[in-house]
Amino acid sequence: MRLTWVGHSALRVQHDGFTAVIDPGGLSTADAAADADAVLISHEHLDHYDETRIAAAAAHPGLQIWTNTSVARLLADSGAARGARVRVVGHGDVFDVGGLEVQVHGEWHAPIHPDIPRVRNSGFLIDGRLFHPGDAMTDPGVPIDLLLVPLHGFYTRSGATVDYIRQLKPARVAPIHDATLTTVGQTGVDAFLAQNPPPGPGTGSPYQRVPLGQSIEY
């Protein structure tokens, strides 16, 4: 696989000439979903789901969109996915994108506040190795090679993120969901989550940021 982080929680996954994009929301790059063959959407919040980017991707013939019931309903109401094939998936489902197996894990967004209703959230385990949890701290219950861990949002707390990484024990960790952090903020959280303390408590897993727009072979 070739992985390219395209801003916030958006990731381009390329394999054998097939391109899948996860969560091309409003804080991702404008071309995050350009020429995508498939789009996976974890949930309906605008930093993960952007109708303009979806509509642009849907202009690509044969686009497949994989998401939960709530997002599928929004897509139907808006018409943003016109021309694409929308497939509804939920926890426990398994499907194929470009020859890669994708397992769906989790059902709900992490709690934000008792006064804010929780929305549906789907985490995606790709090729049994790469886990994108969306906005949740879901444990897929299997060994993870590369965990994409959300850094900053209304629901996050750095101490809880440390415990989440320790719980999953991934071979590697890379950050996502941090477009609202300044460069100084990103550097600070990166240092906190680095494998060996100080300044953080240590997670037990090597941590490395993937530079925005740069691709890595994985």
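Student: Which residue does the side chain of aspartate 127 meet in a salt bridge?

Tutor: First, a caution: this is a predicted model. Side chains of opposite charge can pair when their charged atoms come close. For aspartate 127, the N to O distance in the salt bridge is 2.8 Å, and the partner is arginine 129.

Student: Is aspartate 127 buried, partly exposed or exposed?

Tutor: Buried needs under 20% relative accessible area, and exposed needs over 50%. Aspartate 127 has 31%, so the residue counts as partly exposed. Arginine 129, at 26%, also counts as partly exposed.

Student: How many salt bridges does a search of the whole structure find?

Tutor: Some share partners: Asp178, Asp190 and Arg209 are joined into one network that way. Another links arginine 53 with aspartate 50, with the closest N and O atoms 3.1 Å apart. Both arginine 53 and aspartate 50 are buried. The search of the whole structure gives a total of 6.

Student: How many residues apart are arginine 2 and glutamate 217, the pair that links distant parts of the chain?

Tutor: Their closest N and O atoms are 2.7 Å apart, in a salt bridge. Arginine 2 sits in strand E1 (residues 2–5), and glutamate 217 in strand E13 (residues 215–217). In the chain, the two are separated by 215 residues.

Student: Which strands stand at the edges of the open sheet?

Tutor: The open sheet has 7 strands, with mixed pairing, in the order E6-E5-E4-E3-E2-E1-E13. An edge strand here has a single partner strand, so one side is left without a neighbour in the sheet. The strands at the edges are E6 (85–88) and E13.

Student: What is the average twist from one strand to the next?

Tutor: This value belongs to the open sheet of 7 strands. From one strand to the next, the twist averages 20 degrees.

Student: Which residue in E5 is the bridge partner of leucine 40?

Tutor: Strands E4 (residues 38–40) and E5 (residues 64–67) pair over 3 bridges, in the parallel sense. Helix H2 (residues 69–78) lies across E5 and E6, at about 135 degrees to E5. For leucine 40, the bridge partner in E5 is tryptophan 66.

Student: Within what arc do the buried residues of H4 fall?

Tutor: In helix H4 (residues 183–193), the buried residues include Gln186, Val189, Asp190 and Leu193. Seen down the axis of H4, the buried residues line one face of the helix, because they fall within an arc of 105 degrees.

Student: What covers the buried residues of H4?

Tutor: An α-helix has 3.6 residues a turn, so residues three or four places apart point the same way. In H4, the buried residues line one face. Their cover includes helix H3 (158–168) and strand E12 (172–176).

Student: Which backbone nitrogen does the side chain of histidine 132 reach?

Tutor: Histidine 132 lies in strand E10 (residues 130–132). At 1% relative accessibility, histidine 132 counts as buried. A polar atom of its side chain lies 2.8 Å from the backbone oxygen of serine 9. The backbone nitrogen reached, at 3.1 Å, is that of glycine 134.

Methods:
Residues are numbered from 1 along each chain as its sequence is written. This is a predicted model: local features need pLDDT of at least 70, side-chain atom pairs count only at pLDDT 80 or more; totals for chains, interfaces and linings use all residues. Side-chain values use heavy atoms; hydrogens and water are left out. A salt bridge is a side-chain nitrogen of Lys or Arg within 4 Å of a carboxyl oxygen of Asp or Glu. Helices (H or I, at least four residues) and strands (E, at least two) are DSSP runs, numbered from the N terminus. Buried means under 20% relative accessible area, exposed over 50%, partly exposed in between (1.4 Å probe, protein chains only). The arc is that of the directions from the helix axis to the C-beta atoms. Contact means heavy atoms within 4.5 Å. Two strands pair if DSSP finds at least two bridges between them. Axes are lines fitted to C-alpha atoms, for helices over the stretch in contact, and angles run from 0 to 180 degrees between N-to-C directions. A polar contact is a pair of N or O atoms within 3.5 Å; within protein, one must be able to donate a hydrogen and the other to accept it, and residues adjacent in sequence count only if both atoms are side-chain atoms.
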